[in-house]
Amino acid sequence: MIGTVCSVVGLVSASFAKSIIVYYFTYGLMFGFGASCVRTSSFLVVAKYFHKRRPFATGILTSGNGIGLFVLAPLTQALLDNFGLDTL
């Protein structure tokens, strides 16, 4: 839960950053630390609950990032094409 809170605080803080140094700290360090905590804990949960098929479960867990990017990139492009991107 600490990793999730750190990630959220890092992302929200990065959205208000006016300086590249602040952005490096908030997105790079805070969000990076939180994301690594979440990723590590997900591997620990898989190792704890899956004994017989642990390699298969770990493979599904690891492939989730790639599959998510594979699906989300065309979806994001379709949304941008249909609705555009308005800047303030």
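**Cysteines first**

I looked up Cys37: at 27% relative accessibility it counts as partly exposed, because that class lies between buried (under 20% relative accessible area) and exposed (over 50%), with a 1.4 Å probe and protein chains only. Which cysteine sulfur is closest to that of Cys37? It is the one in Cys6, 7.0 Å away and too far for a bond. A disulfide here is a pair of cysteine sulfur atoms within 2.5 Å. I searched the whole structure and found zero disulfides. Cys6 is in none, with the sulfur of Cys37 as its nearest cysteine sulfur. Is Cys6 buried or exposed? At 16% relative accessibility, Cys6 counts as buried.

**Ground rules and confidence**

I noted that this is a predicted model, where local features need pLDDT of at least 70, side-chain atom pairs count only at pLDDT 80 or more, and totals for chains, interfaces and linings use all residues. Residues are numbered from 1 along each chain as its sequence is written, and side-chain values use heavy atoms, with hydrogens and water left out.

I checked pLDDT, the predictor's confidence in each residue from 0 to 100. The protein chain averages 90, and 98% of the residues score at least 70. By helix, confidence is highest in α1, at 94, and lowest in α3, at a mean of 90. Helices are DSSP runs (H or I, at least four residues), as strands are (E, at least two), numbered from the N terminus.

**Helix α1**

Ser7 counts as buried, at 10% relative accessibility. What does Ser7 contact, leaving aside its neighbours within four places in sequence? I found Met30, Phe31, Gly34 and Ala35, with contact meaning heavy atoms within 4.5 Å.

Ile2 counts as exposed, at 67% relative accessibility. From Ile2 to Met30 I got 11 Å, C-alpha to C-alpha, across 28 residues of sequence.

**Helix α2**

I traced α2 over residues 20-49. It has 30 residues and reaches 42 Å from first C-alpha to last, close to the 44 Å expected at 1.5 Å a residue. The expected span is 1.5 Å times one less than the number of residues. Where does α2 bend? It bends at Gly32, by about 30°; the bend is the angle between axes fitted to the seven residues ending there and the seven starting there.

I listed the buried residues of α2: Thr26, Met30, Gly34 and Val46. Their cover includes α1 and α3. I then took Thr26, which counts as buried at 5% relative accessibility. Beyond its neighbours within four places in sequence, Thr26 contacts Gly10, Ser13, Ala14 and Phe31.

**Helix α3**

I moved on to α3, residues 54-83. It also has 30 residues, reaching 43 Å from first C-alpha to last against 44 Å expected. I found a bend of about 35° at Gly64. Just after α3, Gly84 takes a positive phi of about 80°.

**Record check**

I compared the UniProt record, an unreviewed entry, which annotates "transmembrane region" at residues 27-47 and 59-80. Positions are in the numbering used here, feature names are shortened, and annotations may be inferred rather than shown by experiment. Over residues 27-47 I got 100% helix, with the end C-alpha atoms 29 Å apart. Residues 59-80 are 100% helix and 0% strand, with ends 32 Å apart by C-alpha.
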